[in-house]
Amino acid sequence: MSQPSARRERGEAIFKEVFGREPRPGSYPEFLQLTVDHLFGEIWARPHLSVEERELVALTAVALARTDWELRGHIGAALNLGMSREKVIEVIIQLAYYGGWPVANNGLRVAQEVFAELDEAAGKDADHDQ
């Protein structure tokens, strides 16, 4: 196990790479600390899988669990890491066979919402720049 400060720094760096932002403290700062230190600083930092591969695993897991809040975040993370919208959709479609049609239907709905929000934000930014 690595030193706490090194684990925290590594976890913060990986979190920022995945989500494109710094971790934000919410209502449960202790839980965020565990997430950054252990999940990102230890688990996501392990060898043999790239960050992109780990993101596909995470995206699949949260889609199967039908945790919409986390799914929204991991769809955004996948896009942030350079995955195409088509790849995200294909992952979700494949889950229909492994997790059931309702899982895929829910995942596709959430993806459509995330894509629409991103398109709207990009449109507002483009309008603001003119």
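**Notebook: surface, fold and helix H1**

I began with the surface: the chain exposes about 8400 Å², of which carbon and sulfur atoms supply 56% (Shrake-Rupley method, 1.4 Å probe; for residues, only the protein chains shown count as cover). I note that this is a predicted model, in which local features need pLDDT of at least 70, side-chain atom pairs count only at pLDDT 80 or more, and totals for chains, interfaces and linings use all residues. Residues are numbered from 1 along each chain as its sequence is written, and side-chain values use heavy atoms, with hydrogens and water left out.

I looked up the secondary structure next and found 6 helices and 0 strands (DSSP runs, H or I of at least four residues for helices, E of at least two for strands, numbered from the N terminus). The C-alpha atoms fill a box of roughly 45 × 40 × 30 Å along the principal axes.

I then checked burial: 32% of the 130 residues are buried, meaning under 20% relative accessible area with a 1.4 Å probe, protein chains only.

I turned to helix H1, residues 4–19. Its 16 residues should span 22 Å at 1.5 Å a residue, and the end C-alpha atoms are 22 Å apart, which agrees; the expected span is 1.5 Å times one less than the number of residues. Within H1, I found Arg7, Gly11, Ile14, Phe15 and Val18 buried. Seen down the axis of H1, these fall within an arc of 105 degrees, so they line one face of the helix; the arc is that of the directions from the helix axis to the C-beta atoms. They pack against helices H2 (29–43), H3 (51–65) and H4 (68–80), where contact means heavy atoms within 4.5 Å.

Methods. Buried means under 20% relative accessible area, exposed over 50%, partly exposed in between (1.4 Å probe, protein chains only).
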